Amino acid sequence: MADQPKAAEPARARLSPRKKQQISRGVQYAILVMALVGLVLWADWGSLAQNFAKADVAREALPELFTIALRNTIIYSVSGFVFAFVVGLLLALMRISPVGPYRWIALVYIEIFRGLPALLIFLMITFLPLALPGFEVPGGTYGQAALGLGLVGAAYQAEVFRAGLQAVPKGQTEAARSLGMSATRAQVTVVIPQAVRMVIPPTTNQFVALLKDSSLVLFLGVSGEYVELAKFGNDLASQFANATPIMVSGVTYLIVTIPLGYLASRLEGRKGRTV
């Protein structure tokens with residue numbers, strides 16, 4: 001008896017995996033376009049422009065936006081980053097030290113300052129004069145900002161450096177010791193320079209993070225010539241009862257952080273190609 005012809009398979013079953021992927025992608029694009037069209041039709045663009053992009057209010061932010069707010073943001077970020085870089089490297093060396101107490105001290109520091117919100121650190125700095133009568137952080141507001149950002153940044157930077165130090169082949173240290181170098185000299189002249197080069201991409205990302213965290217300096221009670229971008233935008237927004245200054249400050253942050261983020265990505269890609 002002749003075999004009966006099989007029932008025709010469903011059209012979907014006959015589609016190749018590539019065709020199915022193309023159809024799925026097309027559906028996703030269609031949904032995305034519909035959502036964007038709905039957003040454009042739903043938004044009140046006139047009201048948004050009036051409250052978030054008012055030209056005359058934006059002009060009021062100039063030139064202090066760059067000469068005061070951006071300048072202070074960069075000063076706070078760079079000084080905090082230098083603090084975090086130096087202390088983070090020291091903590092990383094302590095973290096991998098054969099001396100037990102050094103490892104414990106570094107571990108406790110890292111866990112505490114990675115676990116606490118950065119905001120609390122800045123609030124505690126404001127109460128230092130009450131806890132330690134007569135004590136003043138050197139550098140005034142700039143010193144307080146560097147201390148707050150540096151204390152938090154050092155905990156994260158320490159882990160970045162630790163990864164870099166442990167990634168350097170042990171043979172490098174052994175070779176240096178065979179040439180008559182002491183353990184300390186081998187660490188300083190051979191291991192640390194290689195580790196620093198390895199961690200440049202994540203270190204760049206750490207600087208971007210500190211740049212954004214510099215907005216927390218406003219909790220130190222800064223005003224006048226010490227304001228940074230976030231405080232500057234908030235003060236002008238309150239003055240004009242308009243959110244345009246906040247948007248302007250946000251765009252200024254992006255002007256700095258986006259190129260830095262792109263630089264970090266390029267450095268990471270270059271590092272991956274050389275490995």
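pLDDT is the predictor's confidence in each residue, from 0 to 100. This is a predicted model, so local features need pLDDT of at least 70 and side-chain atom pairs count only at pLDDT 80 or more, while totals for chains, interfaces and linings use all residues. Residues are numbered from 1 along each chain as its sequence is written, and side-chain values use heavy atoms, with hydrogens and water left out.

**Exercise 1. Find where confidence is lowest and highest in the chain.**

Step 1: Go to the helices, which are DSSP runs of H or I with at least four residues, numbered from the N terminus.
Step 2: Helix α1 (residues 11-14) has the lowest confidence, a mean of 58, and helix α5 (residues 64-95) has the highest, at 94.

**Exercise 2. Which residues touch the most other members of the largest nonpolar core?**

Step 1: Recall that a nonpolar core is a set of buried Ala, Val, Leu, Ile, Met, Phe, Trp, Tyr and Cys residues joined through side-chain atoms within 4.5 Å. Buried means under 20% relative accessible area, exposed over 50%, and partly exposed in between (1.4 Å probe, protein chains only).
Step 2: Among the 31 residues of this core, Leu91, Tyr109, Val217 and Leu220 touch the most other members.
Step 3: Helix α9 (140-167) gives the most to the core, with eight residues.
Step 4: Zoom in on Leu220: leaving out residues up to four places away in sequence, it touches Phe122, Ile125, Thr126, Thr141, Gln144 and Ala145. Contact here means heavy atoms within 4.5 Å.

**Exercise 3. Which residue does a cis peptide bond join to Leu62?**

Step 1: Look in the loop between α4 (55-60) and α5, where Pro63 is found.
Step 2: The cis bond joins Leu62 and Pro63, with omega at about -5°.

Methods. Helix = DSSP H or I, 4+ residues; strand = E, 2+ residues; numbered from the N terminus.
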